[in-house]
Each structure stands twice: as structure tokens, then as C-alpha cells.
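This report describes one protein chain, element by element and residue by residue. Please keep the sequence and the structure in view while reading.

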Amino acid sequence: LRKMFKEACKKSRERRRQGFLDLFCGDQGISKSITRHGFGVVSIDINLDSRLDLARKDIQNLLLGWIRSGCVIGVWLATPGTTWCQARHGPVNSSWGPLRDSQHLFGLPDLKVHDRLKVKQGNQTALFTCKVIHACKQNSIPCILENPSSSMMWQIPFLVRLCSLSCSRCVHCDFCQFGAKWRKRTRVQGWFVQDCSLMNQCRQGRRSEERRVGKECRSRW
């Protein structure tokens with residue numbers, strides 16, 4: 001990671017001694033956009049390299065240290081929300097059964113072993129996300145968290161308090177407004193972010209019609 005950070009700073013045309021962190025970066029869409037604007041980006045995701053596991057304490061401590069030291073210019077978090085999804089409506093302990101509810105945010109009791117492991121990892125990454133946002137807040141560093149609007153992650157008390165800060169603002173957007181075939185309403189919560197042009201929502205359709213509505217939205221866009 002230290003080598004990645006140095007290389008990112010070398011490639012940067014702006015803020016040569018600072019880098020942007022794209023955490024849980026997926027296909028690196030955010031990283032590519034930030035890079036085009038001249039900033040150095042460190043993209044971190046276990047799917048890029050098994051060593052880049054953001055559930056590891058040593059990696060978490062290193063990244064938090066970077067944020068607190070002032071060498072990070074901004075952070076984008078696309079924390080995995082699979083275990084926080086409310087769309088799991090099957091029987092408990094079935095392949096599509098719920099893993100959490102509002103009374104058991106950090107996991108239902110008596111889950112099967114493999115489900116407990118999933119929940120544990122989801123808890124680790126969510127709590128690390130809260131720590132990153134808190135560190136950014138303490139150091140006035142722009143930070144953005146992206147997750148489905150219906151995700152139970154937004155109910156975590158620590159995150160609720162962070163979202164209520166005066167330096168925080170929220171927008172909701174639909175993926176169909178950016179060319180996707182599905183709606184997927186997403187909440188984007190920012191801290192120390194001055195402007196956001198993501199608030200594009202689809203005003204038509206229901207879940208069963210998302211594919212059709214997405215096509216219509218794309219044609220209008």
C-alpha cells in the first residue's frame with residue numbers, strides 16, 4: 001500500500017504530496033474519474049488483490065494513520081452492503097433469508113456458521129467505514145459514502161450521528177439516470193463536500209417495471 005501511495009503521488013498533477021483514497025473501489029469507476037482530474041488515487045478492494053482486504057486491522061490502521069497525518073485529500077467509500085440488504089425475504093437460515101433486522105442490526109441470533117461469518121465481515125467493514133468518516137470529520141477532509149438508500153447500514157447509531165453533523169449533506173440518485181438498466185436508488189452522503197450533481201431520480205415505475213423505466217429514463221437523459 002505504501003508503494004501504491006507513492007506511485008499515485010508521482011502520477012498526480014495536483015497536490016503531489018497527497019492522494020485520494022477509493023475504498024471498496026469495485027471496477028474503479030470513481031478512481032478513473034478522479035485521475036482524469038489530475039489527482040493521484042489509491043484504489044483498494046479485495047477483488048483487485050487478496051492482500052487488499054479492508055477487514056484487516058493492519059490495513060485499517062495504516063489508512064486511518066494516513067488520514068490523520070494529512071496526506072489524504074479525499075475519500076470515497078462504496079462499502080459492501082450485501083448483508084445489510086432489506087430485500088432478503090426468505091425464511092431465516094435459508095439461502096435468501098434475512099441476516100439482520102432493526103432490533104438486531106449486527107446480526108440475528110442463531111444464524112448458521114457461514115451466515116455468521118458473512119455478518120461478521122459486514123460488521124467489520126461497516127464499523128471501519130464509520131471510523132474513516134470520523135477521522136475525515138476530525139481533519140476536515142472531504143469524504144463520501146455510497147450505499148443503497150434502503151440499506152440497514154444507515155441505521156447504525158454511530159453513522160446516524162455522523163450523518164446529522166452540520167458538515168454533512170445527503171442526496172439520493174437512481175442508476176437508471178446514468179445509463180444503467182435498473183433503478184437501484186442510492187444514497188450518497190458527503191462530509192465537507194461543497195457541491196453534488198448526483199441528485200437525479202427516476203419519477204416513474206415500480207420495482208417490477210425497473211427495466212422498462214430504466215430504458216425510458218436513458219432515452220430522456
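## Report on the chain

Serine 140 is partly exposed, with a relative accessible area of 48%; buried means under 20% relative accessible area, exposed over 50%, and partly exposed in between (1.4 Å probe, protein chains only). The model is predicted: local features need pLDDT of at least 70, side-chain atom pairs count only at pLDDT 80 or more, and totals for chains, interfaces and linings use all residues. Residues are numbered from 1 along each chain as its sequence is written, and side-chain values use heavy atoms, with hydrogens and water left out.

**Overall layout**

The protein chain has 6 helices and 6 strands. Helices (H or I, at least four residues) and strands (E, at least two) are DSSP runs, numbered from the N terminus. In that direction the order of elements is α-β-α-β-α-β-α-β-α-β-β-α. The protein chain has 221 residues, and 43% of them count as buried. Contact means heavy atoms within 4.5 Å. Among contacts in the protein chain with a separation of 6 or more, 59% come from residues 24 or more positions apart.

Phe5, Ala8 and Cys9 are buried in H1. Seen down the axis of H1, its buried residues fall within an arc of 100 degrees, so they line one face of the helix. The arc is that of the directions from the helix axis to the C-beta atoms. On the face of H1 turned away from the buried side are the exposed residues Lys3, Lys6, Lys10 and Lys11. The cover over the buried residues of H1 includes E1, E2 and H3.

**The nonpolar cores**

In soluble globular proteins, nonpolar side chains tend to be buried together. A nonpolar core is here a set of buried Ala, Val, Leu, Ile, Met, Phe, Trp, Tyr and Cys residues joined through side-chain atoms within 4.5 Å. The largest nonpolar core has 40 residues, and Leu23, Val75 and Leu159 have the most contacts inside it. Elements that each supply at least two residues of this core include helix H1 (2-11), strand E1 (19-23), strand E3 (72-77) and helix H5 (157-163). H4 gives the most to this core, with 7 residues. Another core, of 9 residues, lies apart from it, and among its members are Phe20, Ile34, Val41 and Ile73.

What does valine 75 touch, not counting residues up to four places away in sequence? Valine 75 touches Phe20, Leu21, Leu23, Ile67, Val132, Cys136, Pro142, Cys143 and Ile144.

**Helix H4 and what follows it**

Helix H4 covers residues 113-138, which is 26 residues; at 1.5 Å a residue these should span 38 Å, and its end C-alpha atoms are 37 Å apart, which agrees. The expected span is 1.5 Å times one less than the number of residues in the helix.

Asparagine 123 is found in helix H4. With 12% relative accessibility, asparagine 123 counts as buried. Leaving out residues up to four places away in sequence, asparagine 123 touches Trp84, Arg100 and Phe106.

Serine 140 has a positive phi of about 55 degrees although it is not a glycine. Phenylalanine 24 also has a positive phi of about 55 degrees without being a glycine. Its place is in the loop between E1 and helix H2 (29-36).

**Cysteines and glutamine 189**

A disulfide is a pair of cysteine sulfur atoms within 2.5 Å. By this rule the count comes to 0 disulfides. Cysteine 130 is in no disulfide, and the nearest cysteine sulfur, that of cysteine 163, is 8.4 Å away. The sulfur of cysteine 143 is 4.1 Å from the closest cysteine sulfur, in cysteine 136, which is too far for a bond.

Glutamine 189 has its place in strand E6 (residues 185-191). Not counting residues up to four places away in sequence, glutamine 189 touches residues that include Cys143, Trp154, Cys163 and Arg169. Its side chain makes a polar contact with the side chain of arginine 187 (2.9 Å). A polar contact is a pair of N or O atoms within 3.5 Å; within protein, one must be able to donate a hydrogen and the other to accept it, and residues adjacent in sequence count only if both atoms are side-chain atoms.

| Residue | Relative accessible area | State |
|---|---|---|
| Cysteine 130 | 1% | buried |
| Cysteine 143 | 0% | buried |
| Glutamine 189 | 2% | buried |
| Phenylalanine 24 | 9% | buried |
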